[in-house]
Amino acid sequence: MADAKPKLLIVEDDEGLQAQLKWAYDDYEVIIAGNRDQALAAVRSEEPAVVTLDLGLPPNPDGTTEGFAVLDAIMQIKPDTKVVVASGHGARESALQAIERGAYDFYQKPVDIEKLGLIVERAFKLSRIESENRRLSEKVGEDQTVLGTMITAAPEMAKVARTIERVAPTNVSVMLLGASGTGKELLAKGVHEASDRRNGAFIAINCAAIPENLLESELFGHEKGAFTGAVKTTEGKIEMADGGTLFLDEVGDIPLPLQVKLLRFLQERVIERIGGRKPISVDTRIVCATHQDLEGMIGEGKFREDLFYRLAEVVVKIPTLAERPGDSVLLAKHFLARFAKEMNPQVKGFAPDGLAAIDAWHWPGNVRELENRVKRAVIMADGKLVGAEDLDLGDGSEEEEMALNLKQAREAADRRMIRQAMARSQGNISMTAKLLGISRPTLYDLLKQYDLQPG
């Protein structure tokens, strides 16, 4: 049923704590297990997305061996289960061992129901995201969507994905606007894969990376003998993308004379190779991207207005990573799993200070910077957990010193913290206020003051 409660398995031998937790977590379908056999039977039959596991289980309630045996068995039966381990025995050592064995998080006893509840809620949120990404990545052909290749928990990025899914089946030209490293080529591929042209070629060209005197030949091709060195007839990128999609990255760097020739192709859907006299009909969809202000360039005479409107039939603005609450941590875990498998299998996850550093960093280089930082950290890490020192992110003090206006700096910090707390609590006002250490009325006043939407 669509309204069924998510299943939470509580593995705990204290009957009093069992009852207390079951009463506190009434948003979930709570399943109780008091020992290893009951726990594993529940995992097999109920398939809970999240499990809270007390390591001190009978017949060894004063140790951790039985609890770790349950954890190992859960990871073998259903490895995508989010297991939150709780223990009062050697907390730091138990935490490291639990994470190494596949636990999602660790919580030291005695249990604080509210704090544990927040950890459980985040675990369910991550489980839902991973489940959706798996479901979409398994789809092929007509059912494939852009979300099948994009990992996000931010509503800002989900809105971008929805827009792309709507325009992809049409034949309109799409312009992607965003800073460097925000994933413009990934989204361009999403447009292609979700369109009727998915079986055709996806051809990408970075217009800023090719010298001006060679760019025309790269785009339109040339005939044999058209210029010195043209020893054979060569198709251009536009022609190579016939029946498919051409992605023009950094389209603002196309020189004005070449803009005229590109405009003619968009109007008439024919090209002429350099040195050629025969028009060639080409059925190519254009998707372009830039980080530049093209409308400002139009005013300066550096970009043709008529070309802009041909390329920008649909404009999609891509938020920076700093504007996507929660995505930095989610993507970091994804990159770590990939790079650890390829380069350093001993690395199993992030230490708490590593995740805190990722969450707090402003990521001026966006997703590309995050990917590079995580790759370097995985390669250089000496232990099994990547910490803040491995990531080498600094403390952000340089950025704060640049904000000379104290009021603006405080407002920016308030906005950032509120958005991050909202993301962690999935928009729950009460939990957001608790995370921020303020009252609900104060939070509502701040939301109104900064024009932020609840949830």
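Which strand holds Leu385? Leu385 is found in strand S14, which covers residues 385-386. The model described here is predicted.

## Leu385 and its surroundings

Leu385 counts as buried because its relative accessible area is 16%, and buried means under 20%. Along the chain, Leu385 and Val347 are 38 residues apart, and their C-alpha atoms are separated by 5.8 Å.

If residues up to four places away in sequence are not counted, Leu385 touches Leu96, Ile99, Gly349, Phe350, Ala351 and Asp390.

## The five-stranded sheet

Five strands make up an open sheet. Their order across the sheet is S7-S8-S11-S6-S12, and the pairing is parallel. Strand S7 (202-206) and strand S12 (314-317) are the edge strands, since each pairs on one side only. From one strand to the next, the twist averages 20°.

## Strand S11 and its partners

Strand S11 consists of residues 285-290 and pairs with strand S8, residues 245-249. This pairing is in the parallel sense and runs over five bridges. Two positions in strand S8 show how the strands line up. Thr245 stands opposite Arg285 in S11, and the bridge partner of Asp249 in S11 is Ala289. S11 is also joined to strand S6 (residues 174-177), with four bridges between them, and these two strands run parallel. Here Val174 stands opposite Val287 in S11.

How many of the six residues of S11 are buried? Six of the six are buried, and the strand is described as mostly covered. The cover is found on both faces of S11. Arg285, Val287 and Ala289 are buried on one side, while Ile286, Cys288 and Thr290 are buried on the other.

## Asp54

Asp54 is found in strand S3, which covers residues 50-54. Is Asp54 buried or exposed? Asp54 counts as buried because its relative accessibility is 7%. The UniProt record, an unreviewed entry, carries the annotation "modified residue: 4-aspartylphosphate", and this annotation covers Asp54.

The side chain of Asp54 reaches the backbone nitrogen of Gly56 at 3.1 Å. Leaving aside neighbours within four places in sequence, Asp54 is in contact with Val11, Glu12, Asp13, Gly67, Ala86 and Lys109.

## Aromatic pairs

A pair of aromatic rings is described by two values, the distance of the centres and the angle of the planes. A search of the whole structure finds five aromatic pairs. One of them is formed by Tyr25 and Tyr28 and is edge-to-face, with 6.5 Å centre to centre and 65° between the planes. Tyr25 is buried because its relative accessible area is 6%. Tyr28 is buried too, with a relative accessible area of 16%.

Tyr28 also forms an aromatic pair with Phe124. This pair is stacked: the rings are 4.6 Å centre to centre, with 15° between the planes. Tyr28 lies in the loop between helix H1 (15-24) and strand S2 (29-33), whereas Phe124 lies in helix H5 (residues 113-137), so the pair ties together parts that are 96 residues apart in sequence. Phe124 counts as buried because its relative accessibility is 3%.

Definitions and conventions: Residues numbered from 1 in each chain as written. Predicted model: local features only at pLDDT ≥ 70, side-chain atom pairs only at ≥ 80, totals over all residues. Heavy atoms only, no water. Pairing = 2+ DSSP bridges. Axes fitted to C-alpha atoms, helices over the stretch in contact; angles between N-to-C directions. Buried < 20%, exposed > 50% of the residue type's maximum accessible area, 1.4 Å probe, protein only. Polar contact = N/O pair within 3.5 Å; in protein donor to acceptor, adjacent residues only side chain to side chain. Contact = heavy atoms within 4.5 Å. UniProt positions renumbered as here; feature names shortened; annotations may be inferred. Phe/Tyr/Trp six-rings, centres within 6.5 Å; stacked < 30°, edge-to-face > 60°.
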